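Some terms used for protein structures rest on simple cut-offs.

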Amino acid sequence: MTNIFAQRKEKEEKILASMQHIKYLIAVGSGKGGVGKSTIAANLAIALAQKGFKVGLADADIYGPSIPTLFNIDGEKVMGTEINGQSYILPFERFGIKLMSIGFFVEKDKALIWRGPMASGTLNQLLVETLWGELDYLIIDTPPGTGDIQLSLTQDFPLSAALFVATPQEVAVADVRRAVNMYRNERINIPVLGLVENMAYFTPNDLPDRKYYIFGKDGAKRLAEELNLDLIMQMPISENISQTNDSGNPIALDFQSIEGKAFGKLASIVSERLQRGL
Ligand SMILES: Nc1ncnc2c1ncn2[C@@H]1O[C@H](COP(=O)(O)OP(=O)(O)O)[C@@H](O)[C@H]1O
Ligand SMILES: [Mg+2]
């Protein structure tokens with residue numbers, strides 16, 4: 001027994017030591033996949049970097065790692081280094097943001113059969129063994145739902161806060177609730193910053209004053225009320241977003257665009273709330 005406790009303590013100390021140069025650790029979660037979690041995480045990271053913060057983005061979504069595509073680092077080779085006999089993985093860097101994805105450590109078709117210890121070991125590689133250096137924010141793009149990755153993340157890592165993403169047609173309220181409750185569990189007690197509604201409405205480029213609520217109007221508002229979450233922002237369906245996602249230049253880089261301004265506002269809200277203390 002003592003051995004297990006000693007091992008656990010050693011692991012905890014290693015995690016805390018590796019995270020001590022990171023001021024805020026923020027998890028981005030969702031009830032299900034395909035709601036735009038990675039899009040929000042990536043653009044939030046860019047918007048924070050534009051405000052002068054040192055930012056890292058860790059892609060922990062074993063089921064659908066998409067940060068490599070969003071930042072055009074697909075197929076790049078991961079490099080390592082050694083400091084004082086300790087091996088580290090070097091993060092990639094794009095637009096001043098440090099990036100690493102769990103996608104570089106997993107074989108694509110094996111991810112689905114992962115169980116606890118494997119998930120937790122690979123999460124450790126991603127977060128502890130990557131040489132993040134000094135950061136103000138490390139944004140973590142988590143898998144949807146409440147699987148083993150989230151379990152390890154919430155139990156083992158000193159998360160500062162979580163942010164949730166949902167679309168207006170969020171039918172699986174129970175999934176979002178379960179995910180939110182995981183962070184709010186009294187033993188874990190991680191503050192939830194709020195809910196971002198993605199694909200909230202559509203505004204055609206040639207009719208910039210119109211809002212078409214294609215997937216219904218108050219879905220996220222109701223969800224937020226039901227789960228006692230703050231609805232922080234509503235991001236429209238945007239051709240610019242889907243196009244820039246595919247080209248490796250996320251929309252927030254264009255900070256004059258409507259979407260870029262919205263992500264700038266999201267970054268202000270997130271940073272102000274964290275600095276004020278949640
Ligand atoms: N606001 C948006 N407008 C248009 N397309 C979007 C928007 N948000 C996300 N998408 C697109 O929807 C798909 C899913 O988004 P993604 O961020 O990968 O979701 P998740 O990480 O939740 O699985 C992607 O093809 C992305 O480009
Ligand atoms: Mg994703």
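**Terms and cut-offs**

In this predicted model, the side chains of Glu-259 and Asn-240 are joined by a polar contact of 3.3 Å.

Q: Why is the link between the side chains of Glu-259 and Asn-240 called a polar contact?
A: The distance is 3.3 Å, and a polar contact needs N or O atoms within 3.5 Å. The pair therefore meets the distance limit.

Q: What makes Glu-259 a buried residue without a salt bridge?
A: Glu-259, in helix 9 (residues 258-276), is buried, and the nearest side chain of opposite charge, Lys-261, is 9.3 Å away. A salt bridge requires a nitrogen and an oxygen within 4 Å.

Q: Why is Thr-39 called buried, and what does its side chain contact?
A: Thr-39 has a relative accessible area of 12%, and buried means under 20%, so the term applies. Thr-39 lies in helix 2 (residues 37-50), and its side chain makes a polar contact of 3.1 Å with the side chain of Asn-245.

Q: How do you know that Lys-77 is exposed?
A: The relative accessibility of Lys-77 is 66%. Exposed means over 50%, so Lys-77 counts as exposed. Lys-77 sits in the loop between helix 3 (67-70) and strand 3 (80-83).

Q: Why is the pair Asp-156 and Arg-8 called a salt bridge?
A: The N to O distance between these side chains is 3.3 Å. The limit is 4 Å, so the pair qualifies.

Q: Is Asp-156 buried or exposed, and how do you know?
A: Asp-156 has 14% relative accessibility, and the cut-off for buried is under 20%, so Asp-156 is buried. Asp-156 also forms a salt bridge with Lys-11, with the closest N and O atoms 3.1 Å apart. Arg-8, Lys-11, Glu-12 and Asp-156 are linked in a network of salt bridges.

Q: Why is Tyr-212 called partly exposed?
A: Tyr-212 has a relative accessible area of 36%. This falls between the limits of 20% and 50%, so Tyr-212 is partly exposed. Tyr-212 belongs to a nonpolar surface patch with Leu-207, Ile-214 and Phe-215.

Note on methods. Residues numbered from 1 in each chain as written. Chains lettered and ligands numbered in written order. Predicted model: local features only at pLDDT ≥ 70, side-chain atom pairs only at ≥ 80, totals over all residues. Heavy atoms only, no water. Patch = residues over 30% accessible without salt bridge, like charges linked within 9 Å, V, L, I, M, F, W, Y side chains within 5 Å. Areas by Shrake-Rupley, 256 points an atom, 1.4 Å probe, with all protein chains shown as cover. Buried < 20%, exposed > 50% of the residue type's maximum accessible area, 1.4 Å probe, protein only. Helix = DSSP H or I, 4+ residues; strand = E, 2+ residues; numbered from the N terminus. Polar contact = N/O pair within 3.5 Å; in protein donor to acceptor, adjacent residues only side chain to side chain. Lys, Arg positive; Asp, Glu negative; His and termini not counted.
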